[in-house]
Structures are given as C-alpha cells and as structure tokens.
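Reader: I would like to go through this model by question and answer. Please show the sequence and structure before we start.

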Amino acid sequence: MAAARPRTIDCIVGARPNFVKIAPIMRAIRARGGLAARLTHTGQHYDVAMNAVFFEELGIPNPEINLEVGSGSGTEQTAQVMLKLEPVLMARRPDLLLVVGDVNSTVASALVAAKLRIPLAHVEAGLRSNDRTMPEEINRLVTDRLSDLLFTTERAAIDNLLKEGVSPETVTFVGNVMIDTLHACLERAAPAKTTLEEIGAAPDIVADALKNGFGFVTLHRPSNVDDPEKLGGLLKALATIAERLPLVFPQHPRTRAVIESAGLARLLIDSRIVVAPPVSYLQAIGLMRSSKLVISDSGGVQEETTAMGVPCLTVRENTERPITIEEGTNTLIGTSPDALIAAAQDVFANGGKRGRIPDLWDGKAAPRIVDVIEAQFARNVSMAAI
Ligand code: UD1
C-alpha cells in the first residue's frame, strides 16, 4: 500500500516581524513526521538588512518562491500579493495556508486562501487596537474573519474574537511565537559593545553607554514618522532625553526617508543619539536586553521588552497588546514630545516599570500550534467546513 501523502502547510512571510514569528513554526512543523511545510515570501521587505539577515540569523529555510512584490501603497501591495499568489496556490493546493501577524502580505494571502477555499490558520489572531486609521488593524480584522484556525497570544485577543462572533472551537490560546524566537536566540544575542562599535558610535558615547547605561529607540509607524513636523517634534524630544541617557536609534527605511527628505538630520547633530541603519535581530535583542529604557512604536518590541523585563515607553495612543501594559513593563505614553520627555524622566527617577511574564510566553507556542493543526488533520474533515 502506498504511504499516505504528507499533509502540506504553506506558510507565508512578507515583512520583518513575520520572519521572527515564522522561524519557530517552520522548525516545529518540520520536526513532525507526516507534515510538510513550504515557505513563500511575498517580497514586501527586500533590503538585506530588513530581510536576508533575519533568514540567516534565525535559520529560516530559503523560501521556495519569492513573489517580489516590493514597495507600494497598501492597496497596491495587497493587490500585487493577491495577483501573484493566486496561481501559486492554485497549482500547489496546500492542505492549509498559515499566515502570521498583521502586515499587508498577511491579509492579501488570507484573501486568496479564502477565495480558493484553502483552509486558513492565523497566528497572532484577535489583537485589536480599535483604531482603523492603523493599516494593521484593517489587516487583523479581515484576516481573522477569514480564518478557520485562530491562534492567540493573550486573553484579550480571545475576548475580541468571541465578541466579533468567531466560533470558540476555532480559537486556541497558544502563547507567543515571537517569544519562542527570543528564547531560542538570547544566548546568541550580540553584545551591546560589539554592536555599538560596529554601527560607528563615537568612543566617548560607547564608554558612557557601557558605564552608565543607554536607551534603545525604534520609530516607524506612519502616524509618527510620515509627517515631518510630527517626526521633528519626536526627534527633538529624543535629543533632550539623550542629554541624560545616550540613545541608540536604528532607523527603519520609512523613517530614514522622511528624515532625509525633510532635512531633519540636523536635529540629531551634536546630540548623544547614535543613528544607525536597521540592525539585525541578534543585535536588536542584544541592545534591548542591556538597555535601561526602550522607546518604540513597534508591536513586537512591546512584547520583547515585557519578556526581557526592560521598561518600554510606547509612543502611541493605543495598543493591540494590552497584556504588555497590564502585566508587563510597557507604558503607553501617547505621541506628544512633552509626554515622551516626562515619561523618560519618570524612568530616570524610578527605574521604570516592572512586570511579569504573561501566561504561555514560555518559548513553546509553536509546538502548541502544530499540535492543534495535527489534531485537525487527524480528524480527517475538511477544515474549510469548520
Ligand atoms: C510594515 C508593516 C508594519 C510592520 C513593519 C515592520 C504593513 C501595513 N506594515 O511597515 O506593520 O511593523 O513592516 O518593518 O504591512 N522599504 C525599504 N526596504 C525594504 C522595505 C521597505 O526601503 O526592504 C521602504 C520603502 O520605501 C517602503 C517603506 O520602507 O515604501 C515602507 O515599507 P512597507 O513594507 O510598505 O511598510 P513598513 O513601514 O515597513
């Protein structure tokens, strides 16, 4: 009798945070017999520093296909992924399509799966900022609506999904795959000294940072960086904070482009802010782990700082990750420059918020996800019929 065909799971990635999430999932799928994982890259992120470096450091297998969609407006990017992914999925007909996070590549892939009636799993389901001006919020809402299996990182996400009418039996609280990656990599994290020297920090700043501490900054949300006036105000606040604590600021290409085109670099000259190109994952977690303070508008950084016990000031009006505030080290400070300065001063005075590690952020989320998928396959029913 011929051996049973392995069940195929097609995984999709497109942008930097997706890579961090897919690494443990690919590993966990490949560790099981009877399951075959294939990786497709949409090409949303393509610079070496935003892309290839992550594959290398995280040991992610080379994608079998790269759709090479590149940059464009949100609609353009979403449409391009859909157009290019449809024939790929029609030819491959996987048993399950798995998407992670909330980027344009996530929602585009979800739409194609739904139209082709390919069962869909969403990892990091149910997060809601309740702010539809954020492109990611639209992506989350649509992706979850279309998903047959929804894997959540925190309790609020389950409540959100149930309130929206999702069937409870399709939702599983598995924990956080980003923290799986953090656990797997912390031992290999780049020492802060090495990174500071590699990115060209002045020797006096390196010496001060290593002796008295430093802060780590990332800013890339369109609502903070696309308007030069808004970004300029935040940069001035950072320069003020850096008078007390040197700051390391790797710049996302979106942020760098606005700084360059609007001539904002002058606001950073003579400040104690070390500006750098995007750093790698091992450099980023090495810097964050050693920071006294992290200032960011990223989703993932809110979770990573909570997992590492480092105070994080989130420069946003809302967060889709409330557990990082309720239990973790995160503080939502809004987006005004004065509020940023005041919050940093508070950290200088009090040492910053302490927290605890949220439930199931234990490095084992990916194997839990694969358990659920295997059980679903074993039930031998069409998942599209759930
Ligand atoms: C995207 C995600 C965001 C995520 C972020 C992480 C959406 C809606 N947004 O935002 O949720 O937090 O990735 O980085 O999907 N660029 C380059 N090189 C690259 C990639 C981008 O130079 O490799 C530049 C391009 O000018 C591009 C701009 O960055 O237009 C923005 O890239 P895009 O993928 O559209 O969105 P992000 O801001 O990166």
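Reader: How many aromatic pairs does a search of the whole structure find?
Author: This is a predicted model. For the whole structure, the search gives a count of two.

Reader: Are Phe 19 and Phe 54 buried or exposed?
Author: The cut-off for buried is under 20% relative accessible area. Phe 19 has 0% relative accessibility, so Phe 19 falls under the cut-off. Phe 54 has 4%, so Phe 54 also counts as buried.

Reader: What is the strand order of the open sheet of seven strands, and which are its edge strands?
Author: The pairing in this open sheet is parallel, and the order is S3-S2-S1-S4-S5-S6-S7. An edge strand here pairs on one side only. The edge strands are S3 (65–66) and S7 (171–173).

Reader: Which residue in S4 is the bridge partner of Cys 11?
Author: Strand S1 (residues 7–13) and strand S4 (residues 96–100) run parallel and are joined by three bridges. On the S4 side, the partner of Cys 11 is Leu 98.

Reader: Which strands does helix H17 touch, and what angle does its direction make with that of S6?
Author: Helix H17 (residues 365–378) packs on the sheet. The strands touched are S1, S2, S4, S5, S6 (149–152) and S7. The angle between the directions of H17 and S6 is about 160°.

Reader: Is Asp 144 buried or exposed, and which residues is it in contact with beyond its neighbours within four places in sequence?
Author: Asp 144 is part of helix H5 (residues 135–146). Its relative accessibility is 2%, so Asp 144 counts as buried. Leaving aside neighbours within four places in sequence, the contacts of Asp 144 are His 122, Ala 125, Gly 126, Arg 128, Leu 150 and Leu 161.

Reader: How much space lies in the largest pocket, and which residues are the closest to its centre?
Author: The space in the largest pocket is about 1100 Å³. Elements that give two or more residues to the lining include H1, H5 and helix H12 (253–261). Of the 50 lining residues, the closest to the centre are Arg 16, Pro 17, His 45, His 220 and His 252.

Reader: Which residue in S12 is the bridge partner of Ile 295?
Author: Strand S11 (residues 293–296) is covered on both faces, with Leu 293 and Ile 295 buried on one side and Val 294 and Ser 296 buried on the other. Four bridges join S11 to S8, and three join S11 to strand S12 (residues 312–314). In S12, the partner of Ile 295 is Leu 313.

Key:
Residues are numbered from 1 along each chain as its sequence is written. This is a predicted model: local features need pLDDT of at least 70, side-chain atom pairs count only at pLDDT 80 or more; totals for chains, interfaces and linings use all residues. Side-chain values use heavy atoms; hydrogens and water are left out. Buried means under 20% relative accessible area, exposed over 50%, partly exposed in between (1.4 Å probe, protein chains only). Contact means heavy atoms within 4.5 Å. Two strands pair if DSSP finds at least two bridges between them. Axes are lines fitted to C-alpha atoms, for helices over the stretch in contact, and angles run from 0 to 180 degrees between N-to-C directions. Rings of Phe, Tyr and Trp (its six-membered ring) pair if their centres lie within 6.5 Å; planes under 30 degrees apart count as stacked, over 60 as edge-to-face and the rest as tilted. On a 1 Å grid over the protein atoms alone, a cavity is a set of points where a 1.4 Å probe fits but cannot get out, and a pocket is an open set with protein on both sides within 12 Å along at least five of seven lines; lining residues have an atom within 4 Å of a point. Grid points are joined across faces, edges and corners, and a volume is the space filled by probe spheres set on the points.
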